[in-house]
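Load the model and keep the selection tool ready. The tour below goes from one selection to the next.

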Amino acid sequence: MRKKKMIPIALLLAVLLILTAVLSGCEGGGGGTDIGAANNASKGNNNAGGTGKTDTKAEDTKQGNDTNATKTDGDAAPAEGTLTEFKQSPMLGSVSVPVKDRLPEDYKITNEMPEDLLKYEIGTYGGTLRTVTSVVDWDADVFIMNDEALLNTPGLLGKEVTGNVLKSYEMSDDEKTFTFRMRKGLKWSDGQPVTTEDVRFAVEDVLFNKELTPIFPAWLNAAGDPNGKPFTFELIDEYTFKMSFDQPYGGFLLSLAVQGWRGYTDLLKPAHYLEKFHKKYTDVASLEPEIKKAGFKKGEWVNLFNDKDITNWELTNPKSIGFPVLYPWMMTKKTNTAATFERNPYYFKVDPAGNQLPYIDKIQSTLVQDIEMVTLKTIAGEVDFSRESASLIKMPLYRENEDKGFKALLSNLHVSPTDIYLNMSYNDKNWAQVVNDVRFRKALSLALDRNEMIDSIYYGFAEPNSWQDSTYNIDDANKLLDEMGMTKGSDGFRTGPDGKKFTIPIEIGAQAPDIVPMTELVVEMWKQLGLDVTMKKIDGALWGKRREANELKATVMWAADPMWYYGDWGQGIWGTAWDLYNSSGGKKGIKPPDDVAAFFKSLAKASVSNPQDAKAVVDNEIKKAIGDKYYFIVPLQNVKQPLIVNAKLHNVGNENALAVATDYAGEQLFFAP
Amino acid sequence: MLNYIGYRVLQLIPLMIAISIIVFFIIQLPPGDFLSTYIQQLELSGTKVDAGTILSLQRQYGLDQPFIVQYLVWMKNILVEGDLGRSFQWNQPVSEVLGGRLMLTMVISVVSLIFVWIIAIPIGIYSAVRQYSILDYVFTFIGFIGLAVPGFLLALVVLYVVFVNTGVSLSGLFSPEYVDAPWSMAKVMDMLPRLVLPVVIIGMSGTAGLIRVMRGMLLDELSKQYVITARAKGVESTKLLFKYPVRMAINPLISTIGWTLPALISGEAIVSIVMNLPTTGPVLLRALMFQDMYLAGSFLLIVSVLTVIGTLISDILLAWLDPRIRFGGVAD
């Protein structure tokens, strides 16, 4: 009897089990792919050796001297070209090509960070660096560690520009023509040589191909202007090429260096690999099976090409497995929870003792479900390097757990942490009238107690901004508002020109952990002026959309201002419609007032000037204008950024370095035994 | 009965079409699309993406097509080729993204379900039979706590306590050396002890709820005339209990299968996020946040199909289990 009653339940379980089996049937294997390293290592290297080599060497020395003479040479490293013996990681013992032949003749001696930021030590090989990310197919720590730009700016501060993937550059006196020399014998990670043919392919067959590049990138136009004329390209020989603009564009050099983490992929592509997917070199009909396999429609070779062409920001994407690169590490394996990067046997940098970089053999990037899980793994000592997900607010937690084998260092932050923006181009008469009055913005700035911000949010690891007035004076602030005629109503709130309560709705996307507490403080401080201030946290994507559509009235966000001069001074937030007018050449948006137009001119000037001149423009014009006009409020500077590193990790930049600069120079990190 | 089932299955077709349209529409409702979210994420890291690149990415992903075209292409691929589309975020076919996770999710869910039943049904029966006994109060008390405390909070507390006391971050289902290893006996053995915690945490609220349901239903039954009659006729009490009242009281279990099936694959998303479990819940959440529409759409579609099938199964089972239930309008 009892047995019978159990039948329904048993049946139920059986049904569940069958369903389980059916559903798990649609699992497609799940395991990772593992091509890449092995292939690359075993692939024959058929580059020219022997006789030709000595000739080109002699010629190159001459060129090098020429470049030195014009004082714009790339590498300042001491021993370039003088090393004769090279060593390699034991991991590469099975690679048949000797390390000397894998390195370019014009190898680069590591010089990522100036001496005052890092005392370089000769490292030892080996180890796996563990990083953690909470974003699918994106690990910012690994991305920055791997990214290689055509030129370099040591320490990432934009003070000087040196060679990187390119050996050296020469800029004409009128700042219009740039001659670049490539490293002789430089090779892709599959052993194929890197020559100007690869540059020509990237320029002529991709950039200037209307199908592949429907909108020409603005930064490659003269003076970075969307309406400017594209550069002209001239191939000189196998290792030299020239780019010319019809207007001075000294800032182009910094654009080629780290700016915007651009990498080399815009101007340098592995032609031998990509030609197989390009209409010009391969019959579209023969590509059809590949096109179909990639899920595109018949004849869509453009989509196939774009899919196969891995740009630098896709380097943490599984598609990049097997793609020839110049990075220190390349992705070799990817599963749903982890990505493995292994050293590139053809990487072109060595240390002063002739050891091929990187020192560390592998990077293991683990994907977790949530950013808080990164913290948990960090304090459990399961992470060797973490910058992107580390935050100052968690510093006590990190320090408390430092006995787990890691160090929580305080480095410099490469962006200003939290600036406050009022959208002066917002489409509301009442709002615009108030916000466009400089007295109003000054009053708001006067009402901010910088010291309280520093103490309560940044634990003292920040300073008041030095180029904007940092005085805290509520009385003066109130006086300014009274002067503007913003009288207090019966409810104690100040009114706008329309006679109604004036409200500042701050909408934030909480893109960084300090944005919410900072905004809360700002709200309280501004309320003391009798202003109705509110804070609303919205989704980051929605924030972006609202900002683009000029729908944000007020917000809090960081800006990249302390670092480079590429013209991003938050104008897309405090003057969205004006910025659009400016960047579209007057086709869209709203015409800005004269002072803002002059400010935009200064920005444009800074972004096209060479680093020294740009710095002068930034200091004398841009910062001064923001200081006088309060286009946006920059309360703090020199905020510290935690950098989590394994306690055994060496060649980590000191506290004066940017945290991100240590990340960028990842190939010189090593584990001390 | 067969007529009834056939009729019901036919009804499902327009229902599924409607669901798929609604699902796809809702996913596209928020402003922007996958690319704008992705590009914003890149921009926040300081990477500049050109307008031209964005345009070619849009073409590559087919995002330049109108909503209706995207929907039709997706449906066509599902119906004709059984292809659920491609996840933008993961850059893999949806079936591959969900595959391994679905299996793990089901393992966790099935084990949790069995755990819940094994614990809750006997306790429920006991509580009803020994109403107002000390153990009834104890179970009731624990039950209410289990019902009131959300699973993710419990997970956080457990993680915290374990970490503070042992320094081990209990996260994931496998030790680091097995995370990416192919399936093997060793990997299963590695997983089993790590499975206990999520199963107990996920099962907790279910157990509590089920105890209350079992107890309530059984109490109802126990006071009914037929039980009293049987008892008066001297039927042995255990036999009596299991032959009729328990059978009746188990009804709610069967009628909730319709919801149990989808729950099996959607898993406890928040608990999974907190405990870093490689299940489908976090994937769905992230797919929705990133507007990864084919992934989110396919997942919601699968869940809907399962809900519908589950409801069908529970209807059939109920009819079989409880002869008092009749099918409206259709001859048996």
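In what order do the strands of the open sheet of 3 strands in chain A run, and is the pairing parallel or antiparallel? In this predicted model, the order is 14-23-15, and the pairing is antiparallel.

Select residues 385–386 of chain A for strand 14 and residues 406–412 for strand 15. These are the edge strands, each pairing on one side only. To see one partner pair, pick A:Phe385 and its bridge partner in strand 23, A:Val645.

Just after helix 20, stop at A:Gly585, where phi is positive, at about 65°.

The last stop is the second largest pocket, with a volume of about 1200 Å³. Centre the view on A:Ala294, A:Gly295, A:Phe296, B:Val73 and B:Asn77, the closest to the pocket centre of the 37 lining residues. Then colour the elements that give two or more residues to the lining: helix 9 (284–293) and helix 10 (301–308) of chain A, with helix 3 (51–61), helix 4 (67–81) and strand 1 (86–87) of chain B. Helix 4 of chain B gives the most, 7 residues. Coloured by residue class, the lining shows 12 nonpolar, 12 polar and 13 charged residues.

How values were computed. Residues are numbered from 1 along each chain as its sequence is written. Chains are lettered from A and ligands numbered from 1 in the order in which they are written. This is a predicted model: local features need pLDDT of at least 70, side-chain atom pairs count only at pLDDT 80 or more; totals for chains, interfaces and linings use all residues. Side-chain values use heavy atoms; hydrogens and water are left out. On a 1 Å grid over the protein atoms alone, a cavity is a set of points where a 1.4 Å probe fits but cannot get out, and a pocket is an open set with protein on both sides within 12 Å along at least five of seven lines; lining residues have an atom within 4 Å of a point. Grid points are joined across faces, edges and corners, and a volume is the space filled by probe spheres set on the points. Helices (H or I, at least four residues) and strands (E, at least two) are DSSP runs, numbered from the N terminus. Ala, Val, Leu, Ile, Met, Phe, Trp, Tyr, Cys and Pro count as nonpolar, Asp, Glu, Lys and Arg as charged, and the others, Gly among them, as polar. Two strands pair if DSSP finds at least two bridges between them.
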